[in-house]
Amino acid sequence: AVVLRGDASKREFIAFWVKDGRVLAGMNVNVWDVTEAIQNLITSRAQVDLEALANPSVPLESLLT
């Protein structure tokens, strides 16, 4: 599944490819300073709440705890 975080119509979003609740890949489009957080979500293999993942008001780092 693909989870979008942000506003694709404004071309400001992050797309996450998720399987079994784990982030497999991520791509940021005009959203800055998130590369490390995206990498951490991928490498941690942690299961994440998909609603929180899609919510821009939830810090990405908080999904790892």
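Arg11 is exposed in this predicted model, because its relative accessible area of 60% lies over the cut-off of 50%. The residue sits in the loop that links strand 1 (2-7) to strand 2 (12-19). Its backbone deserves attention as well: phi of Arg11 is near 60 degrees, a positive value in a residue other than glycine. Most residues other than glycine have a negative phi.

Asp33 is placed in the loop between strand 3 (22-29) and helix 1 (35-44). With a relative accessible area of 79%, Asp33 is exposed, since exposed means over 50%. The table sets out the two residues.

| Residue | Phi | Relative accessible area |
|---|---|---|
| Arg11 | near 60 degrees | 60% |

**Strands and hairpins**

The chain contains two helices and three strands, and their order along the sequence is β-β-β-α-α. How do strand 1 and strand 2 pair, parallel or antiparallel? They pair in the antiparallel sense, over six bridges.

The hairpin formed by strand 2 and strand 3 has two residues between the strands. In that turn, Asp20 has a positive phi of about 55 degrees. In a regular strand the side chains alternate between the two faces of the sheet.

**The chain as a whole**

The chain has 65 residues, and a compact globule of that length would have a radius of gyration near 11 Å; the value for the chain is 11 Å, so the two agree. Along the principal axes, the C-alpha trace spans about 30 × 25 × 20 Å. Of the 65 residues, 31% count as buried. Among contacts with a separation of 6 or more, 31% are between residues 24 or more positions apart.

The accessible surface amounts to about 4300 Å², and carbon and sulfur atoms account for 51% of it.

Definitions and conventions. Residues numbered from 1 in each chain as written. Predicted model: local features only at pLDDT ≥ 70, side-chain atom pairs only at ≥ 80, totals over all residues. Heavy atoms only, no water. Helix = DSSP H or I, 4+ residues; strand = E, 2+ residues; numbered from the N terminus. Rg over C-alpha atoms; globule rule 2.2 N^0.38 Å. Buried < 20%, exposed > 50% of the residue type's maximum accessible area, 1.4 Å probe, protein only. Contact = heavy atoms within 4.5 Å. Areas by Shrake-Rupley, 256 points an atom, 1.4 Å probe, with all protein chains shown as cover. Pairing = 2+ DSSP bridges.
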